[in-house]
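Definitions are given where each term comes up.

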Amino acid sequence: MDLIIGGAYQGKSEYVMRTYGLRPDGIFSCGEEGLPDWDAPCVRHLERFALWCIRRGKQPEREILAYRNRWKNSVLVCDDISCGVVPMDAEDRAWREGTGRMLAALSREANTVTRLFCGLPQRLK
Amino acid sequence: MTVFLSGGAKNGKSMLAQRLSKALAGGGRLYYAATMIPHDGEDDARIARHRREREGWGFETVECGRDVMAAFSHLPRGTVLFDSVTALMANEMFHGPEIDTEAPLRVREELNALADWAENAVFVSDFIYSDAGHYDPWTEQYRRALAEADRELCRRCDAVAELCAGNIIVHKGVLPE
């Protein structure tokens with residue numbers, strides 16, 4: 001698995017399409033309404049999957065690791081939402097922390113971790 | 001040479017940008033593109049502080065809260081410190097009662113034109129993309145527009161660096177000495 005992270009609008013999807021030769025239909029975008037298609041070559045917006053978990057009282061880290069066999073050869077993409085002020089709302093705090101723990105776990109699992117900064121890739125692992 | 005700097009607030013972007021642009025000018029003309037349009041006493045104080053910090057550096061201040069090239073095109077060419085893309089985008093998108101939906105493209109064109117015009121340019125922006133906020137649609141449009149302007153500048157700039165607690169992370173090229 002290759003993990004791609006970065007702030008919002010930093011060019012992560014563009015980088016994935018360029019690097020892995022994927023078209024938009026090869027990239028599944030998580031929503032807040034259900035489980036992702038873990039068999040897609042690339043799953044993005046995992047921060048929304050994390051929010052889906054939090055709203056159902058589940059831990060994003062534990063949930064995603066349960067599907068490890070499905071994404072172990074995939075590209076996973078997630079917004080980094082960790083750097084702002086601690087949110088006032090309890091659900092947002094749980095979401096932010098749950099996303100952080102999920103990304104730390106995915107980083108351990110990943111073959112490579114790449115961060116996008118203004119469209120430029122930075123290899124972290 | 002063109003340089004792009006970004007990062008969080010109070011990480012040393014402006015001071016580094018001043019140093020780099022002065023070095024790039026090499027004694028030639030050196031412009032400070034002032035993008036802030038003051039709205040209250042706090043803004044006036046901030047502008048006065050920035051002016052004091054620039055004293056003795058040899059900058060000519062060019063006011064360009066909007067319409068960048070209108071302010072520069074009649075001047076002799078030189079090195080430009082543009083601080084900041086963030087303020088320009090806000091000024092251009094939110095100058096009227098409604099959001100100006102043509103502003104994002106116009107800002108990218110203006111900044112490209114400035115980079116073409118300048119002998120050297122250092123652009124400063126702000127990294128506002130890694131928090132857990134839920135924003136209203138206007139703010140979200142602004143974040144996207146600023147990110148797209150940042151990315152376009154990063155494609156064309158010779159060097160790109162991120163500032164983090166005063167430390168420099170170079171993402172592209174080599175910063176000037």
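1. Arg49(B) is partly exposed, at 30% relative accessibility; the scale calls a residue buried under 20% relative accessible area, exposed over 50% and partly exposed in between, with a 1.4 Å probe and protein chains only. Glu53(B) is also partly exposed, with 35%. The side chains of Arg49(B) and Glu53(B) form a salt bridge with an N to O distance of 3.3 Å; the term requires a side-chain nitrogen of Lys or Arg within 4 Å of a carboxyl oxygen of Asp or Glu. Both residues belong to helix α2 (residues 41-54) of chain B, where they sit four residues apart, about one turn of the helix. Helices (H or I, at least four residues) and strands (E, at least two) are DSSP runs, numbered from the N terminus.

2. On provenance: this is a predicted model, in which local features need pLDDT of at least 70 and side-chain atom pairs count only at pLDDT 80 or more, while totals for chains, interfaces and linings use all residues. Residues are numbered from 1 along each chain as its sequence is written, chains are lettered from A and ligands numbered from 1 in the order in which they are written, and side-chain values use heavy atoms, with hydrogens and water left out.

3. Arg143(B) is buried, at 7% relative accessibility, whereas Glu140(B) is partly exposed, at 23%. Shared partners also link salt bridges into one network made up of Arg108(B), Arg144(B), Glu148(B), Glu152(B) and Arg155(B).

4. Which residue forms a salt bridge with Arg156(B)? The partner is Asp116(B), with the closest N and O atoms 2.9 Å apart. This pair connects distant parts of the chain: Arg156(B) is in helix α6 (residues 137-156) of chain B and Asp116(B) is in helix α5 (residues 103-117) of chain B, 40 residues apart. Arg156(B) is partly exposed at 31% relative accessibility, and Asp116(B) is exposed at 52%. Over all chains, the whole structure has 24 salt bridges.

5. Now the interface. Chain A contributes 21 residues to the contact and chain B contributes 22 residues, contact being heavy atoms within 4.5 Å. The two chains bury about 1,800 Å² between them, 62% of it on carbon and sulfur atoms; buried area is the accessible area (1.4 Å probe) that two parts lose on being put together, summed over both. Of the area that chain A buries against chain B, 40% comes from Tyr9(A), Phe117(A) and Cys118(A), more than from any other three residues.

6. Two salt bridges cross between chain A and chain B. Arg115(A) forms a salt bridge with Glu162(B), the closest N and O atoms being 2.8 Å apart.

7. Which elements of chain A each supply at least two residues of the side that touches chain B? They are α5 (90-109), β5 (112-117) and β6 (120-123). α5(A) gives the most, with three residues. By class, this side of chain A has nine nonpolar, seven polar and five charged residues; Ala, Val, Leu, Ile, Met, Phe, Trp, Tyr, Cys and Pro count as nonpolar, Asp, Glu, Lys and Arg as charged, and the others, Gly among them, as polar.

8. Chain A has five helices and six strands, in the order β-α-β-β-α-α-α-β-α-β-β from the N terminus. Of its 125 residues, 52% count as buried. Its C-alpha atoms fill a box of roughly 40 × 30 × 25 Å along the principal axes. Among contacts in chain A between residues at least 6 apart in sequence, 56% join residues at least 24 apart.

9. Ala34(B) lies in strand β2 (residues 30-34) of chain B and is buried, with a relative accessible area of 10%. Beyond its neighbours within four places in sequence, Ala34(B) is in contact with Thr61(B), Val62(B), Glu63(B), Cys64(B) and Gly65(B).
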